[in-house]
Amino acid sequence: MSKKTVLIISIILFSASLFSGCWDKVEIDQRAFVGVIMVDMAPPGYEEKVEESVKNIPGIEKQTGKMIKVTYEFPNASEIAGNDTGSGGGGGGEEEKGGISSVAVTIDETNRYIDSRLSRRLFFGFTQTIIFGEELLKNPDKFEEVLDYFRRAPEFGRSMRVLAAEGEACKVAEIKPKNEKLLFRYIRGILENESSNGRISDITFNEFITMLSANGDSVMPKVTVKGDELKIAGDAIIKDYKLQGFLPEYDSFYFNALSGKRKAGSESINTNGLTVNYLIRNTGRSIKLINDDPENIEVGINIETEGVISSASAGMEIYDDNFIKKVERDLNDVDEESCSFVIKKLQKDYKNDTLLIGEYLRKHNPSLWNKVKDKWNEVYPTIKIIPTVDNKIRRIGTVK
């Protein structure tokens, strides 16, 4: 190779190093790290005002539709640099919050509108939670459209948590948690208490979509704004992309056991006039087909728990084996009655198979499923679902 050729190659390589680079690079302090997204239907009357302002534009009637309000909550960069509790660090000891809303027909449009009002670029790589407003959940066509956007957009992870707001989802952005500086961490911390609470459902976006895809029925935890706090308890029942109603907190405790999502929790029972608190450490659930007659299907849901007596009435003696067996039987009776009550709600009131009985039959009893699948919506409310609960007290504490 001649010296001239070597010189030319060297010049080309040197030039490439000067002019190359990340053309779409965005510095970290220029990003708005969206932690929580809240989606509501637009305020009443907004559609009419928008249509009036643009009604003379050619072809505008093909671009309008039901409007949604999207609220993005993100921390300031100083909050990320500072510590988790909000004292010291980059935050300077002061509480700083970020958040912005926009109204449009689609989420893509709200993103573009936000770009014209925000000095930083929205970044969804670390989005933790999506909260859907109650009115949006009552509009199945719009809710399905919104879900489709999150399902297709590659920047959103499937492990995002989904929540249903009682009322407007955007109200969540207005709270100021006392013990957490970052809203998404506050929400995530409450959801993680599911491992000990038993009344909280922790549903990922992927789980929610999978349930919807199976038979059109799904569920997500309910979030309620209470002053400067959030309460996550109870469940929103969804069928064919539409909100049917909310299960209260008490019912969610047993729904989570029936669906196999409850890991722990506690409940009290009055036995022989004495109050005993049972702390659940482990829960298992299984389904079995009892009767495969297509006209008289019976399915059993077996729930087994292990736990300890965490407290009891002062001065009572709980070391008698007969008394412990009596507590277990009383717990079983109450739990089975409560589970039957929840099952009745799901079958009769909501006609919602969020327990995935149909999916169980499809996988484990395909011959029976093939006989009823075309009329499952009519068959499901009539089948007999029998809960059986077996609570086992393993320890009674270290008092004696």
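This report walks through the fold of a predicted model, from the whole chain down to single residues.

The model is predicted, with local features needing pLDDT of at least 70, side-chain atom pairs counting only at pLDDT 80 or more, and totals for chains, interfaces and linings using all residues. Residues are numbered from 1 along each chain as its sequence is written, and side-chain values use heavy atoms, with hydrogens and water left out.

## The chain as a whole

The chain holds 14 helices and 14 strands; helices (H or I, at least four residues) and strands (E, at least two) are DSSP runs, numbered from the N terminus. Of its 400 residues, 47% count as buried, where buried means under 20% relative accessible area, exposed over 50%, and partly exposed in between (1.4 Å probe, protein chains only). Contacts are heavy atoms within 4.5 Å. Among those between residues at least 6 apart in sequence, 72% join residues at least 24 apart.

## The eight-stranded sheet

Let us turn to the sheet. Eight strands make an open sheet of mixed pairing, in the order E4-E3-E2-E6-E7-E8-E9-E10; two strands pair if DSSP finds at least two bridges between them. E4 and strand E10 (242–247) each have a single partner strand, so one side of each is left without a neighbour in the sheet. From one strand to the next, the twist averages 30°; angles run from 0 to 180 degrees between N-to-C directions, and axes are lines fitted to C-alpha atoms, for helices over the stretch in contact.

Within this sheet, strand E2 (residues 36–41) pairs with E3 in the antiparallel sense over six bridges, and Val-39 has Val-70 in E3 as its bridge partner. Helix H9 (residues 205–215) packs on the sheet, where H9 touches strand E7 (161–165), strand E8 (217–226) and strand E9 (229–239), and the direction of H9 makes about 135° with that of E8. H10 also packs on the sheet, touching E8, E9 and E10, with its direction at about 60° to that of E9.

What surrounds Ser-218? This residue of strand E8 is buried, with a relative accessible area of 0%. Ser-218 touches Phe-208, Met-211, Leu-212, Ala-236, Ile-237, Ile-238, Asn-352 and Thr-354, not counting residues up to four places away in sequence. A polar atom of the Ser-218 side chain lies 3.3 Å from the backbone oxygen of Phe-208; a polar contact is a pair of N or O atoms within 3.5 Å, and within protein one must be able to donate a hydrogen and the other to accept it, while residues adjacent in sequence count only if both atoms are side-chain atoms.

## Helix pairs

Two packed helices are described by the angle between their axes and the distance between the axes. Here are two such pairs:

| Helix pair | Angle | Axes |
|---|---|---|
| H10 (residues 249–258) and H11 (residues 321–349) | roughly 90° | within 9 Å |
| H4 and H6 | about 70° | 10 Å apart |

H4 is therefore roughly perpendicular to H6; angles under 35 degrees count as roughly parallel, over 145 as roughly antiparallel, 65 to 115 as roughly perpendicular and the rest as oblique. Ile-107, Asp-108 and Asn-111 of H4 meet Val-146, Tyr-149 and Phe-150 of H6. Helix H4 (residues 107–115) has as its buried residues Ile-107, Glu-109, Thr-110, Asn-111 and Ile-114. Their cover includes strand E3 (68–73), strand E4 (99–104), strand E5 (121–123) and helix H6 (140–152).

H10 and H11 are likewise roughly perpendicular to each other. On the H10 side the contact includes Tyr-250, Tyr-254 and Phe-255, and on the H11 side Val-334, Ser-338 and Phe-341 are among the residues involved.

Strand E11 (residues 265–271) pairs with strand E12 (residues 274–291) in the antiparallel sense over seven bridges. The two form a hairpin with two residues between them, and Asn-272 in the turn has a positive phi of about 55°. Ile-269 stands opposite Val-276 in E12.

In a regular strand the side chains alternate between the two faces of the sheet. E11 has a covered face of Gly-265, Glu-267, Ile-269 and Thr-271, while Ser-266, Ser-268 and Asn-270 make up its uncovered face.

Not counting residues up to four places away in sequence, Ile-287 touches Val-299, Gly-300, Ile-301, Leu-355, Ile-357 and Tyr-360. Ile-287 and Leu-258 are 29 residues apart in sequence and 9.4 Å apart in space, C-alpha to C-alpha.
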